Amino acid sequence: MSATLPAAHPTRPGLVDSARRIAPLAWPVLIGQLAVLAFSTVDTVMVARYSALDLAALAIGGAVYISVFVGFMGVVLAVGPIAGQLFGARKLPEAGQQLHQALWLALALSAIGCVVLLFPQPFLALSRAQPEVAAKVRGYLAALAFALPCALLFTAFRGFNTAVSRPKIVMALQLGALLLKLPLNAMLVFGFTLGDFRVPAQGAPGCGVATAIVMGGQLLAAWIVLRRDPFYRQFGLQTARLGAPHRASLLGLLRLGVPMGLSIGIEVTGFTFMAFFISRLGATPVAGHQIAVNLVSVMFMMPLALANATSTLVAQRIGADDLRDARRIGWHGLQIGVLIAAAMGGSVYLLRESLLHAYTHDAVIIAAAMPLLAWVMLFHIADAAQTLAAFTLRAYRIATVPLIIYVAAIWGVGLGGGYAVAFNTTGMSPAGLQGAQGFWSACTAGLTLAGLGLSGFLLWVLRQQHSRALP
C-alpha cells in the first residue's frame, strides 16, 4: 500500500466541506484518545470504590506522572508537523527518518523522566500529603517509571502515523491496550484469588503496575506493525536497526518540540498543580477535584481529535505548497471545534448530577465535585479554542509565541490567581469561591485568556500568509 496525500478541493470549500475533510482523520484520533483517557477513568472509578485515601493518592500521583509525561510527549510530538510537511512534499524516506530521530529523543527524555518518578519528594512536599497517602503515591509512581519509556516511544509512533494520515492503526493499538488494562486493573486494585494463586489488593499502586504492563505490550505491538505492514516500506522503516542519531534532525525536533512541550506542560501543570494545592484542603476536596478533572478531560478528547486532524491537513498542504488551502482548513477547523465545544459544554452542564453519580455514590465526594462543574461550559469552549489554535500554529512550526501566551494566561492568571483566590491570600476572595472553587474559577479565566490570545494570533498569522501570497 502506498501513501496517499489527501488532495485539496479544486473550488473554494465552505465550513461543511472542511468538516468532511477533517472528520476521516479526527474520528480515529477521538476513539484512540478516549481509549487512552479511559485508562485514568478506569483508575478513578475503581479506586473511588476502593478507598478515599487511595483516590487522593491517585490524584496526586496522576498529577505527577501527567506533569512529567505530557511535557515530554509534547517534545516528541514535534515529529508530527515536520513529518507531515515532508509527507505533503512527497519526501517519504526523509519523513521516515524523522520517526527514527523521534525515537532517540523519546529514549533520552525517558531517562530524565524515570528519575523524577522514582524520587517524587518535591511533589509530595508541595502537596503536603499525609504519610499514608505519600506511601501509596510512591508505589504508584515507581510502577509508572517502567511505563514511561514505552509510552514515549509509542508517542513517536503515534505522531508519525497521524502525520501520514494513518491514525486508524494507532486507534486499534490503543483500543487493544484498553482491553488488556481493564482485567489487569481490577485484579491488582481489588485483589484476586484462584485456588492457591492469590494477588493481594494494592489499591492505587496496582493501577500503576497494570499501566506498566499494558504500555509494554502496546509498544511491542507497534514494533510488529512497523516490521510487517508493507505500508511503511516506502518510508524506509522496515529495517531491524534504528537509524543513527542525526544532529541536524534532532536539533530541528528540539527547536519545535521544546516550546511545544513547554506549552503543553504549562497547560497540564495548570491542572496538576491544582491537585497539589487542593490536596492541602483534605482528601475529600481532592477526590472531588479528581472526578471533575476526569470528566472535563473526557470532553477535551473531541477538540484534541479535531486539532490533530486539522494540523495534519494544514502541515500536508504546506508541504504541498498549497498555502491557500492550508489557511482555509486551519481557520475552519477552529470554528468547527468551538461550535462543537459549545454544544458539548452545555449538555454536560445540564447532566452534571447524573454524570457524577456514575463515578461514585459517596454523597460527600459528589457534593465536593458538583460546584466545580458549574464552570464546565466556559472552560470547555476556551479549551477547544486554545487547542485548535495552538495545533494549527504548530503545523506552521510556530510554537514560541504560544508558549509566552500560555505562561501569562495559565500560570499567571490561572494558577497564580487560583492560589490567591482559593486560599484568600489577598483578602478579597468571595466566600463562595474559596477552596477548590477558587482554583477552578481562576483556571477558567486563564484558559479563556489563552483561547482568545492564541485565536487572535492565529488569525494574524493567517492574514500574514495571505498577504505574502498576493502578487
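Q: The expected span of a helix is 1.5 Å times one less than its number of residues. What span should the 25 residues of helix H2 have, and how far apart are its end C-alpha atoms?

A: The model is a predicted one. In it, helix H2 covers residues 52–76, and at 1.5 Å a residue these 25 residues should span 36 Å.

Q: How many of the residues of H2 are buried?

A: Buried means under 20% relative accessible area. In H2 that applies to 22 of the 25 residues, so this helix is largely enclosed by the rest of the structure.

Q: How are two packed helices described? At what angle do the axes of H1 and H8 cross?

A: Two quantities are used: the angle between the axes and the distance between them. Here helix H1 (residues 15–50) and helix H8 (residues 204–228) have axes that come within 10 Å and cross at roughly 155 degrees. An angle over 145 degrees counts as roughly antiparallel, and H1 and H8 are therefore roughly antiparallel to each other. Their crossing is right-handed.

Q: Which residues make the contact?

A: From H1 come Phe39, Asp43 and Val47, and from H8 come Ala204, Cys207, Thr211, Val214 and Met215. Sorted by class, this contact of H1 with H8 has six nonpolar residues, one polar and one charged. As a general point, an α-helix has 3.6 residues a turn, so residues three or four places apart point the same way.

Q: Is Asn161 buried or exposed?

A: Asn161 lies in helix H6, residues 131–163. Its relative accessible area is 0%, so Asn161 is buried. Beyond its neighbours within four places in sequence, Asn161 is in contact with Arg166, Pro167, Ile169, Val170 and Tyr232.

Q: Where is Ser165 placed, and what is its phi?

A: Ser165 sits in the loop between H6 and helix H7 (167–190). Phi of Ser165 is near 60 degrees, a positive value in a residue other than glycine. With 21% relative accessibility, Ser165 counts as partly exposed.

Q: What is Arg394 in contact with, leaving aside its neighbours within four places in sequence?

A: The contacts of Arg394 are Pro81, Leu256, Met260, Ser263 and Ile264, with neighbours within four places in sequence left aside. Arg394 lies in helix H14 (residues 376–395). At a relative accessible area of 6%, Arg394 is buried. Along the chain, Arg394 and Gly80 are 314 residues apart, and their C-alpha atoms are separated by 9.1 Å.

Q: Where is the place of Arg397?

A: Arg397 belongs to the loop between H14 and helix H15 (400–422). Like any residue with relative accessible area between 20% and 50%, Arg397 counts as partly exposed, here at 41%. Phi of Arg397 is near 60 degrees, again a positive value in a residue other than glycine. Leaving aside neighbours within four places in sequence, Arg397 is in contact with Ile82, Gln85 and Leu256. Arg397 and Cys443 are 46 residues apart along the chain, and 27 Å separates their C-alpha atoms.

Key: Residues are numbered from 1 along each chain as its sequence is written. This is a predicted model: local features need pLDDT of at least 70, side-chain atom pairs count only at pLDDT 80 or more; totals for chains, interfaces and linings use all residues. Side-chain values use heavy atoms; hydrogens and water are left out. Axes are lines fitted to C-alpha atoms, for helices over the stretch in contact, and angles run from 0 to 180 degrees between N-to-C directions. Helices (H or I, at least four residues) and strands (E, at least two) are DSSP runs, numbered from the N terminus. Angles under 35 degrees count as roughly parallel, over 145 as roughly antiparallel, 65 to 115 as roughly perpendicular and the rest as oblique. A crossing is left-handed if the near helix is turned anticlockwise from the far one by less than a right angle, and right-handed if clockwise. Contact means heavy atoms within 4.5 Å. Ala, Val, Leu, Ile, Met, Phe, Trp, Tyr, Cys and Pro count as nonpolar, Asp, Glu, Lys and Arg as charged, and the others, Gly among them, as polar. Buried means under 20% relative accessible area, exposed over 50%, partly exposed in between (1.4 Å probe, protein chains only).
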